[in-house]
Amino acid sequence: DIIPQPLLDQYLSMTDPARAQTVDTEIAKHCAYSLPGVALTLGRQNWHCLKDTYETLASDVQWKVRRTLAFSIHELAVILGDQLTAADLVPIFNGFLKDLDEVRIGVLKHLYDFLKLLHADKRREYLYQLQEFVVTDNSRNWRFRYELAGQLILILELYNPNDVYDYLRHIALTLCSDKVSEVRWISFKLVGAILQKFYANNANALGLNFINELVVRFRHCSKWVGRQAFAFICQVGMFSFCFYVYI
């Protein structure tokens, strides 16, 4: 009643490998690009019509197809709602996390948008995997780490102070020592946001421990770049630093 059946059948047939070989090698990519729009038109109640096609595209041998889906999976999650997302999209999302960097960047750019749609218990499972984003196929791909730091600033609001201290703190410290200055600078902002998180949630003990770690690691660093990092961290986190010094 929403889309004529022959039109829907024609769309679903685009994932046929034989069709890609004889008609257009890019047809699967175009199908992946259009899928969120088709899903929105059909509505979540008709997701079963697209589920198999989506899974086929998510395992396509062409990384460009998987990359296209990775960039839009957060939009599809909004369309499907939390239950269908947990059942059908989370396994695909987990697969993209272990894919090539060209695919992973699609997930990373909208990591906050996807995680905020999950239930708290499911969301917490990804704390263990965020560290994996620090490692890339090509170490010179610094924009990947830059994007990670920016996403972590947003993600802080999704987790409690203890989780931030136990998991995200380590990533922030690693990024603050990155070889690329752009990555270090946005990481200093991440550190300031973490301190603000502790202050806003009255987690004073965690905040003081973190500051002591920053002092040891950067203030007393034997290299000038480490001491410079400490100065920049003080600059971006001035309010939180003043508060903890006062107490």
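In what order do the elements of the protein chain run from the N terminus on? They run α-α-α-α-α-α-α-α-α-α-α-α-α-α. The protein chain has 14 helices and zero strands. Helices (H or I, at least four residues) and strands (E, at least two) are DSSP runs, numbered from the N terminus.

This is a predicted model, in which local features need pLDDT of at least 70, side-chain atom pairs count only at pLDDT 80 or more, and totals for chains, interfaces and linings use all residues. Residues are numbered from 1 along each chain as its sequence is written, and side-chain values use heavy atoms, with hydrogens and water left out.

**Overall build**

- The C-alpha atoms of the protein chain fill a box of roughly 70 × 35 × 25 Å, taken along the principal axes.
- Of the 247 residues in the protein chain, 47% are buried. Buried means under 20% relative accessible area, exposed means over 50%, and partly exposed lies in between (1.4 Å probe, protein chains only).
- Take the contacts between residues at least 6 apart in sequence: 70% of them join residues at least 24 apart. A contact means heavy atoms within 4.5 Å.

**Two domains**

- The protein chain divides into domain 1 (1-118) and domain 2 (126-246). These bounds come from an automatic or database domain assignment.
- The C-alpha centres of domain 1 and domain 2 lie 34 Å apart. Domain 1 gives 16 residues to the contact, and domain 2 gives 19 residues.
- Between them, domain 1 and domain 2 bury about 1,600 Å². Carbon and sulfur atoms account for 64% of that area. Buried area is the accessible area (1.4 Å probe) that two parts lose on being put together, summed over both.
- The count of salt bridges between domain 1 and domain 2 is one.

**Helix H3**

- Helix H3 covers residues 27-42, which is 16 residues. From first C-alpha to last, H3 reaches 21 Å, close to the 22 Å expected at 1.5 Å a residue. The expected span is 1.5 Å times one less than the number of residues.
- H3 bends by about 45 degrees at Ser34. A proline, Pro36, follows within four residues. The bend is the angle between axes fitted to the seven residues ending at a position and the seven starting there.
- Buried residues in H3 include Ile27, Ala28, Cys31, Ala32 and Leu35. Pro36, Val38, Ala39 and Leu42 are buried too.
- Just after H3, Gly43 takes a positive phi of about 90 degrees.

**Salt bridges**

- The whole structure holds eight salt bridges. A salt bridge is a side-chain nitrogen of Lys or Arg within 4 Å of a carboxyl oxygen of Asp or Glu. Side chains of opposite charge can pair when their charged atoms come close.
- Asp99 pairs with Arg66, with the closest N and O atoms 2.7 Å apart. Asp99 lies in the loop between helix H5 (63-97) and helix H6 (101-109), and Arg66 lies in helix H5, so the pair ties together parts 33 residues apart in sequence. Asp99 is buried at 17% relative accessibility. Arg66 is buried at 11%.
- Arg169 and Glu213 meet at 2.6 Å, N to O. Arg169 sits in helix H10 (residues 161-176) and Glu213 in helix H12 (residues 204-219), so this pair ties together parts 44 residues apart in sequence. Arg169 is buried at 8%, whereas Glu213 is partly exposed at 24%.
- Lys122 and Glu125 also form a salt bridge, their closest N and O atoms being 3.6 Å apart. Lys122 is partly exposed, at 25%. Glu125 is partly exposed as well, at 41%.
- Glu147 bridges to Lys109, with the closest N and O atoms 3.2 Å apart.

**Around Phe210**

- Phe210 is placed in helix H12. At 0% relative accessibility, Phe210 counts as buried.
- Leaving out residues up to four places away in sequence, Phe210 touches Tyr165, Arg169, Leu173, Val191, Ile194, Leu195 and Phe198.
- Val236 is 26 residues from Phe210 along the chain, and their C-alpha atoms are separated by 15 Å.

**Backbone at Asn202**

- Asn202 is in the loop between helix H11 (181-200) and H12. At 63% relative accessibility, Asn202 is exposed.
- The phi of Asn202 is near 55 degrees, a positive value in a residue other than glycine. Most residues other than glycine have a negative phi.
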